[in-house]
Amino acid sequence: MQSNEYIQFFDGGIEPKLENLGGKGASLVTMTSAGMPVPPGFVVTTAQFDAFMDEAGITRHISQLLAGLDPEDTSQVDKVSAAIREDICSRPVPQAMRELTVGAYEALMNRFDAPVPVAVRSSATAEDLPDASFAGQQDTYLWLDGVKAVTEHIRQCWASLYTSRAILYRLKNNIPDEGLSMAVVVQKMVNSRVSGVAITMDPTNGDRSKITIDSSYGVGEMVVSGQVTPDNIVLDKVTLAVVNEHLGDKHAELIPDAGAKRLVEREVDDERRGRRSLTDAELTAVAQMAKRAEKHYKCPQDIEWALDADLPDGENLLLLQSRPETVHSSKPQTAPQPVVTGGFFSGFSATVPKQAV
Amino acid sequence: MSLKSFPKPSELAVPAGAEGWEKIYPYYLVFQDKLKEQEDAKFWFCDSQHWPTVFKPFETIGGEFAVKCLGQYNSRHLMIPNANGIEFRIHLGYLYMSPIPVPEDQIAARVPLFEQRVGHYFQNWEQLLKDWHVKVKGTIDEMETISFPKLPDMVPLEDITSGKGKDGSEKLLESYDRLIQLAYQNWQYHFEFLNLGYIAYLDFFNFCKQVFPNVPDQSIATMVQGVDMELFRPDDELKQLAKLAVELGLQAHFGNTDDVESTLGAVASAPGGDQWIAQYEGAKDPWFNFTVGNGFYGHDKYWNEHQEIPLGYIADYIRRVDEGQEIMRPVEALIAERDRIIEEYRDLLEGDNQAAFDAKRGLAATAYPYVENHNFYIEHWTMGVFWRKIRELSRMMHAEGFWTEPDDLLYLGRNEVRDALFDLVTGWGVGAKPIGPDYWPEEIERRRGIVDALKTARPAPALNTPPESITEPFTRMLWGITTEQVQQWLGAGEEVEGGGLRGMAASPGVVEGVARVVTDADQLSEIQQGEILVATVTAPSWGPIFGKIKATVTDIGGMMSHAAIVCREYGLPAVTGTGSASTTIKTGQRLRVDGTKGTVQILDAQDDLLVTGPGAHSHSHV
């Protein structure tokens, strides 16, 4: 299924626009197209929200309800909020629009051998406003199975624009409701087979010509929190040759239990402990992704990544988070980069013939 | 940790039949009883990279001239602060080397001398290198004028009438002396730029290791290495000839290239054949002055004297072109990749370090190509002419009855040859029989027996106790002899997962395939498409087979050995300096070669090898 006005896949190749996709959605599309694939999914665009609100007649109803509302009368605000949210969650979505969303969900599921749980998250267009509680932008629903649960939670994200808090915030700050919109992200839940972190430098000495990778089985929490000793691999950043590697014990792993909708811890057997948790090809892929993240964000990055058990080889490496590396990059470059002078050959640089350079 | 040692020279067994081997070499080339204590205190490593097989007495000339002239540039010309030359000995037929350090208290005084001398070369690089080509070519041209005709029955009348007063034997003696002198001369020139190339490389190398701690050696090599080098020119000429043959539709005439005369005759008389022959003749001079060996042995075959070798390669290239294969090296892709690597490392640096990177890399990239390219002019061209002249002399003396086989002169030392020549001219001059024909055949037979007996044993990789760490930069770079490598030889190195060999990660990539062990250039024709070449050492003229193979593994050689350079050029994985691959691995075994890590694993168990033929695997299901 192709991306369209109402649905935009992360990898659909369409230029992301904040006003269509919201902040979170736009960022996911941008990362995917920059070679930093996030868990696959799609965005239900603001255009769909707008069309639904208009065609279902909710927009008109809202302006009536909100007219003359007193911000001090909280019980009235609560009542109005409940009515609007009831409208959004119950009025029928126009058939053509609904079919697009169902089709997108099915197309996403078709990428896997069997249906997989997804997360649904709101993606507001106004995230740059100072107060994060402006809209229900934090709304995230995890471990959703089946199209019914997904469409219901899309509506709940939409409805979160009209929580009492959101209505009050707009009233108090004189923010008009006209043009208010909301995109929703539908994204595969990560099923980590192997995961870890990658830093685009050697954190032991700040050497920026290296990439350092920690890798262990299952979900990355145990690596991040230091509950397991991961494999530690240092690669040359330019050629991706392994410069140093140390196999960690990796005695336990956290594995998603989709049935119970939670993570379970289990022991890792000796055979898997004894070998590196990443194959050569996977290691190279992680390093390349870290390198792309650094290039994209133009400073050393500290990324979290995972290999997803539900995706085929070559498409299963996912970027979960990328943030600037702060420990060393905030220091001046002089420590990791001594200015090299002296020695027997110091005179050479001064004697280089022009044509040689 | 107690350091293990290699055997002392006196502890190595002399192969049966090789007793008295010391006396076939000059006294100064063998370990001395009187110096035992001093000599045993030094660490010696075997240079089987350049001298993989036992020296016949005459052949020590290459080892002596090369290693002596290498040393003189460190210790007398350039005054390299921390390295003198390399002492060398022949033991049981193989060459062992021991680098000479500069005493600590003399290093500082050499620095200004060194900078002045080296500075002059680097500032005048292009002009001096141009002059070098003229000098080297002049030597070769003069060598070509030397000949060794049979002495006449009587002095020609014109020498009587002109009052010349000499019989011509003085010319024979002079020609021999001159030939030796000319070889010595070009070996001096050989190192005029070579050490500089290494110095510039090492300067950049050390800089990279400081600003990028643990940067792989491979990355540094790639950043300074030439891509389109003269080293590849002979092979490229053959490829062009193959393409032209296909364009002109001449393929049918390359069916039996072992018959050189008929092949060239058939091509010449075919339509368009004269165009091909013209290009072939053009390629021959000078690019067929190319040996299948390395220029250090009298038995080396040169393309221009054995045209069945290049014609065979051409026939193979023709077949591959007809099959639609791309036979040219991916030069543009290699240049693009090299430029990417340079750019990405450079971008990691700032300010002064970036400027230093540019200057040092620039210098290395200017000076280093000489290291690749000189080889053609000295080892191949000069030595090709030299050995041809020596064979001419040997055949003349064979005709005079001095020995039983045409090339037996190689069993005499070069100073013994001069004695034999004086013996010849004396007998000829006085009108009597020279003594040689009654002396040399028996002595040569004895020596042949010794050389053959010595050949039955492989050399020890090293002798005596190694230093705790190998720091001498030339040793590390030219021979791939590192602390880790020495530990590996001693069996104390880090184990390779799943058993296997460890060497230098010389060219990146991982492949699996079937081994083909080659210990002699004559076996090259056995190599099948897609096999992994396992060799003691490789030579530049093996170029054409690199288009056929998947990877290379060698016993000896560092990052800048021929196998390493060519594999990077062809984009093939290579592991060099494993010490024992050619004796450990058997042809037909499946290998996994990891040129990024420097490991070689033998994948199939030994007994699988014994099972061949149809139904061979049925037993495994019983």
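Modeller: The mean pLDDT of chain B is 89, and 95% of its residues reach 70 or more; pLDDT is the predictor's confidence in each residue, from 0 to 100. This is a predicted model, in which local features need pLDDT of at least 70 and side-chain atom pairs count only at pLDDT 80 or more, while totals for chains, interfaces and linings use all residues. Residues are numbered from 1 along each chain as its sequence is written, and chains are lettered from A and ligands numbered from 1 in the order in which they are written.

In chain B, confidence is highest in helix H14(B), at a mean of 98, and lowest in H20(B) (residues 606-610), at 43. Helices (H or I, at least four residues) and strands (E, at least two) are DSSP runs, numbered from the N terminus.

The part to look at is H15(B), residues 436-455. Its 20 residues reach 27 Å from first C-alpha to last, close to the 28 Å expected, which is 1.5 Å times one less than the number of residues. Its buried residues are Gly436(B), Trp440(B), Ile444(B), Arg447(B), Ile450(B), Val451(B) and Leu454(B). They lie on the same side of H15(B), because they cover an arc of only 125° around the axis, taken from the directions from the helix axis to the C-beta atoms. An α-helix has 3.6 residues a turn, so residues three or four places apart point the same way. On the other side of H15(B), Asp438(B) and Glu442(B) are exposed. A residue is buried if 20 or more other C-beta atoms, placed from the backbone, lie within 10 Å of its own, exposed if 12 or fewer, and partly exposed in between. What covers the buried residues of H15(B) includes helix H14(B), residues 414-430.

How values were computed
Two residues are in contact if their C-beta atoms, placed from the backbone, lie within 7 Å.
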